[in-house]
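Hi everyone, thanks for coming.

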Number of protein chains: 2
Amino acid sequence: MRIRYPNGKPYLTNDDKKKPKNQLTKKKTSYSNRGMTLEEDINKTNDYYLLRKLAVIHKKPIPIQVVNVNYPSRSAAKITEAYYKKASTTDYNGVYNGYYIDFEAKETKNKTSFPLKNFHDHQLSHMEACVDQGGMCFVIIRFTTLNRVFLLDFPVLKKWWRQQKDPDGKKSIPFKAFETDGYELKYSLSPRLPYLDIVDRLIKQKDS
Amino acid sequence: MRIRYPNGKPYLTNDDKKKPKNQLTKKKTSYSNRGMTLEEDINKTNDYYLLRKLAVIHKKPIPIQVVNVNYPSRSAAKITEAYYKKASTTDYNGVYNGYYIDFEAKETKNKTSFPLKNFHDHQLSHMEACVDQGGMCFVIIRFTTLNRVFLLDFPVLKKWWRQQKDPDGKKSIPFKAFETDGYELKYSLSPRLPYLDIVDRLIKQKDS
């Protein structure tokens, strides 16, 4: 039962005061957390960009080492033995408004940091080489438990990658760093994850 | 037996006259025809460009639809059923000197023309979309029997692709068109197929 003042207004504790009273009605429509993986979100976004002729960005196929193939008559070749290979580059690349775009997308269940072991040395080297050629490289990280997605420009990632080897180096990027040095991506209806809005900002910074 | 003039000089027919006499000694060292496929040639060339920090261009993995995977204990996941998927884009892409590079490479045993059925509609659409975004798109075609390799810029390919649907449209690009509207790639020791030299010329044309 709610305790009320004599004038009929409800008595609020400090905890009650912190919460906006009409939180449910005030909350904006959320398009996030609909059970899609980050990869699905990005693929849908890329489909949108392609259809609207805004960019041509695709996920690369997963590298697979084929060992054995059967050729049954009158049907498609059937691969009967194959193994996953370690990716030597990143997941996504393409072209946007004259710029080469190259990025990697990762999810983590961690709430306080993103473990650097999710990347490999050769992926960092690849991104560095692309940046040297004038490409735009970044990573998109989703904190699934917090349901927040950030874009981290390559130079920021590189800084964190390098400090790992320091004697007191951290093995993960603290969540705070995403809030201060990254760009939060907000879900929308379409495109789901409008990351090119951030790329526009990075391009402006680069060209200025 | 060779017929000779009274002064000892050999009698040459018109056919003989056409051939340079000391063809063998004059011929430059040839690095072609060493049993490598066009794909191997291009991969080696891309390795060279990457190592010299001239460009970052990779062959995309072959798209494979994985149906079944076994996870034997203590060893890598083994794919036991999978099928090749049709590529929706091109074989190679990357970044060179600020430009997005995208191309397809094909070999043919034909000597007089290149059959257009080697390409798919969606590959042409892909290249067109990339060009619209400011990318550099082209195809590299090797006539294996003639051992000659040509780079054809996307607009030329598009012209030939479109005329197919004409009532008297050709189903292949005549070899002559490669000689007149394409750029011949000459093999060298390293890089094996210096196609970026031609890309430089295309960039100059584009920017002028």
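Let's begin with a question: which residue takes a positive phi in the hairpin of E4(B) and E5(B)? This is a predicted model, so please keep that in mind as we go. The residue is Asn97(B), with a phi near 55°, and the hairpin has 2 residues between its strands.

E4(B), residues 92-96, pairs with E5(B) in the antiparallel sense, over 5 bridges. You can find Tyr96(B) standing opposite Tyr99(B) of E5(B).

E5(B) has another partner too: 8 bridges join E5(B) to strand E7 of chain B, residues 136-143, and here the two run parallel. In that pairing, Ile101(B) stands opposite Met136(B). And is E5(B) enclosed or open? Of its 10 residues, 99-108, 8 are buried, so E5(B) is largely enclosed by the rest of the structure.

Next, let's see where the two chains meet. On chain A, 35 residues are in contact with 34 residues of chain B. The buried area between the chains is about 2700 Å², and carbon and sulfur atoms give 65% of that.

Which element gives the largest share of chain A's side? That's E3(A), with 7 residues. The residues on this side divide into 20 nonpolar, 11 polar and 4 charged.

Finally, E3(A) is joined to E3(B), residues 78-84, by 4 bridges, running antiparallel. There, Ala82(A) has Ile79(B) as its bridge partner.

Note on methods
Residues are numbered from 1 along each chain as its sequence is written. Chains are lettered from A and ligands numbered from 1 in the order in which they are written. This is a predicted model: local features need pLDDT of at least 70, side-chain atom pairs count only at pLDDT 80 or more; totals for chains, interfaces and linings use all residues. Side-chain values use heavy atoms; hydrogens and water are left out. Contact means heavy atoms within 4.5 Å. Buried area is the accessible area (1.4 Å probe) that two parts lose on being put together, summed over both. Ala, Val, Leu, Ile, Met, Phe, Trp, Tyr, Cys and Pro count as nonpolar, Asp, Glu, Lys and Arg as charged, and the others, Gly among them, as polar. Two strands pair if DSSP finds at least two bridges between them. Buried means under 20% relative accessible area, exposed over 50%, partly exposed in between (1.4 Å probe, protein chains only).
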